[in-house]
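User: Can you walk me through this one? I'll ask as we go.

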Amino acid sequence: MSVAVSCPRCAGPIREPDLMHGESRCLRCGPVSPLHVPEHIGAEIMASVVEQVTSAADPPDRPGVPLWCPWPLPPGWTLTGVAWAGDERNGVRATAVACAGPAPLDGGPADLLFVAEEPGVGLGTRFAGVPGPDPGPELAAALTDPGPGHAERVPHAKIRVGGHPTPLWLVNSPTDRSAYAGEARGMWLHAIAWPASAGHLLAEQVVLHDLAEWTPPELVYGAPTPYLHGAA
């Protein structure tokens, strides 16, 4: 499996640990959990990533970082990429799953990326196009400013994650995408859609399933997404 390795926060090159530094690091961002992106996607590659994620759980009987994927996939959609961030020292600390298909409004091409991560990794905010390693400041602003006519902030999207209703909040992303953030299983959950109008998919009955628990054999794989390979 050919894998590209880069910084999860800026996509820059990574320096491996050496005698002077015990952790992987980016010259721009400092110590980071390296992002690993397989160049292709398919059933065998997904099985390899699942093994990587589950074997890195610490302790072994504790659930690792989930690989959140819509299941069933929306009609006409395919799975287009997978990635994980971590190293041998700290284990897997973040994952990303990409899928693509027809947009809900005009039927044009659309991409969705779901990121699960521990605090401080910075992978989700990178793809969302917002500053900082975590969406905390963005969510705090959303929760403290309910808007006119609302006693409290209403979530912008409500999906089911691992069988549980989960609210997501819109963050202030660039205009070429829409980005949402929330929490699931004690980790950050990010959902990023290109183009921005594709975010309307999250207004439908989206159910996220952890592929690390069970990978449906009916999954259909498509061409690799450009967004995990440097387009965002």
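Analyst: The structure has zero disulfides, a disulfide being a pair of cysteine sulfur atoms within 2.5 Å. This is a predicted model, where local features need pLDDT of at least 70, side-chain atom pairs count only at pLDDT 80 or more, and totals for chains, interfaces and linings use all residues. Residues are numbered from 1 along each chain as its sequence is written, and side-chain values use heavy atoms, with hydrogens and water left out.

User: Switching topic: what is the strand order in the open sheet of three strands?

Analyst: The order is β2-β3-β4, with antiparallel pairing. Strands are DSSP runs of E, at least two residues, numbered from the N terminus, and two strands pair if DSSP finds at least two bridges between them.

User: Which strands stand at the edges?

Analyst: β2 (14-15) and β4 (30-31), each with a single partner strand, so one side of each has no neighbour in the sheet.

User: How many bridges join β2 and β3?

Analyst: Two, in the antiparallel sense, with β3 covering residues 25-26. Isoleucine 14 stands opposite cysteine 26 in β3.

Key. Helix = DSSP H or I, 4+ residues; strand = E, 2+ residues; numbered from the N terminus.
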